[in-house]
Amino acid sequence: MIRRRTLLAAALLGSAASATTGCAVAPPEAPVPPTSPAPGVPAPPKPAGGPFTLRLMSWNVMTQGLGPDWYDSSMPRQDHLWETRAPRVQQWLQATDADVVCFQEALGTRDAAGRPSNLMVDMLPDRGWAHIDHFLPIMFRESMLELRDSGVTEIYPGSRTSPWQRYCTWARLRHRATGRELVAFNTHLAPFQTIEIARIRSATVSRLIDTMRDADPRYRTPAVLAGDFNARADERRPVYSDHLRKLQADGWRNSARVARRDTSAVRGVSTHNAFGATAAGSWHYRLISTSGKNVDYLWVRPGATVLERQTYTGPGVRRLKLSDGRRYPFFADGPVPSDHCPVLARVRFS
């Protein structure tokens, strides 16, 4: 069941009030000449229509984590705390400057006045929010986009096998310059790689597709689907790869596969970095993973052109020599902001 917070006015009610009854036909009214703006008052600009381009991002920011022991890592325990990582999250958000950001694991809070909020609201004060206190919030540039509608749907109720509920949040955004709309969908699927969990993910993807088709029947509006799917982009095993098979059959395209250009600073970088990686026989904090574990996505519909796409690794990368004599890519500065790298794409909607 979708809980809508609809911002559109119900203008259709006005037409019903003017309907007449009986068989008599009223004489036609004289045409009314178009009104002109008052002297000295400029007419409001009309939406131009046509294509528009947006910078879109998906990022699991892990505002509350499970601790370094979860990763079997030797990272400094202090670096795992949100209070330590938050300034780096803000730095990456400012550097990427995306127009729409779909977050995962961004648990909601309350502000000083008791209003719904989250831990990232003050990082980019000029942004607007949909589902601000949900763990799947959507942030957008208010000077460019206007929130017209939004909703949230439970797509997995939780069970003994995987106790966490799963949701899809969405926001219908109006591009102010053109008057056209974009629907941004955001989700986070069940973790772990067992056949039981893979079956849960498969069923959840089916409900996700139903939810998206309910929010935007027949996909009439340009759309993007963002999220941490906890399932790899190169997966080939039956059931485990159902997220790829089902979404592609529904017309969705992985931006990583259709982008005209990959601008990632590190070739083969993984979206899931787990704060470090193994090289030269040992695990290293801040080592950028190139294991191919890409579980974070930006999906687009036909008619959208992905001009460029990247897995973002921060403002800089350091190449350090390890014990095997080879140089490896490291995040330039610590702490690492999250166990996932954001996926960023510049997309043209025509």
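Let's start at a single residue.

First, the ground rules. This is a predicted model, where local features need pLDDT of at least 70 and side-chain atom pairs count only at pLDDT 80 or more, while totals for chains, interfaces and linings use all residues. Residues are numbered from 1 along each chain as its sequence is written, and side-chain values use heavy atoms, with hydrogens and water left out.

Now the overview. The protein has five helices and 18 strands. Helices (H or I, at least four residues) and strands (E, at least two) are DSSP runs, numbered from the N terminus. There are 350 residues, and 51% of them count as buried. Buried means under 20% relative accessible area; exposed is over 50%, and partly exposed is in between, with a 1.4 Å probe and protein chains only. Next, contacts, meaning heavy atoms within 4.5 Å. Take those with a separation of 6 or more: 72% join residues 24 or more positions apart.

Which order do its strands take? This open sheet of six strands runs S5-S6-S2-S1-S18-S15, with mixed pairing. Two strands pair if DSSP finds at least two bridges between them. At the edges sit strand S5 (127–130) and strand S15 (304–311), each pairing on one side only. Neighbouring strands here are turned by 20 degrees against each other on average, direction ignored. Further in, S1 and S18 pair in the antiparallel sense over seven bridges. Within S18, Arg348 is the bridge partner of Thr53.

Back to H2. This helix lies across S1, S2 and S18, at about 165 degrees to S1. For such angles, axes are lines fitted to C-alpha atoms, for helices over the stretch in contact, and angles run from 0 to 180 degrees between N-to-C directions. Buried residues of H2 include Trp82, Arg85, Val89, Trp92 and Leu93. Their cover includes strand S1 (52–60), strand S2 (100–104), strand S17 (327–331) and strand S18 (343–349).

The largest nonpolar core has 29 residues, and Trp59, Leu93, Phe103 and Met120 have the most contacts inside it. A nonpolar core is a set of buried Ala, Val, Leu, Ile, Met, Phe, Trp, Tyr and Cys residues joined through side-chain atoms within 4.5 Å. S1, H2 and S2 each supply at least two of its residues. H2 gives the most, with five. Look at Phe103: leaving out residues up to four places away in sequence, it touches several residues, among them Trp59, Leu93, Met120, Trp129 and Asn186. A second, separate core of 24 residues includes Leu145, Leu298, Val300 and Phe349.

Let's zoom in on S9. How many of its eight residues are buried? Eight of the eight. In a regular strand the side chains alternate between the two faces of the sheet. In S9, Glu181, Val183, Phe185 and Thr187 point one way, and Leu182, Ala184, Asn186 and His188 the other.

S9 has a partner on each side. With S8, the pairing is antiparallel, over seven bridges. Arg174 stands opposite Glu181 there. The S8 and S9 hairpin has five residues between the strands, and Gly179 takes a positive phi near 80 degrees. With S10 (residues 223–228), S9 (residues 181–188) pairs in the parallel sense over six bridges. Ala184 has Val224 as its bridge partner in S10, and His188 stands opposite Asp228.

S16 (residues 317–321) and S17 run antiparallel, joined by five bridges. Leu320 stands opposite Tyr328. Gly325, in the turn, has a positive phi of about 85 degrees. Thank you.
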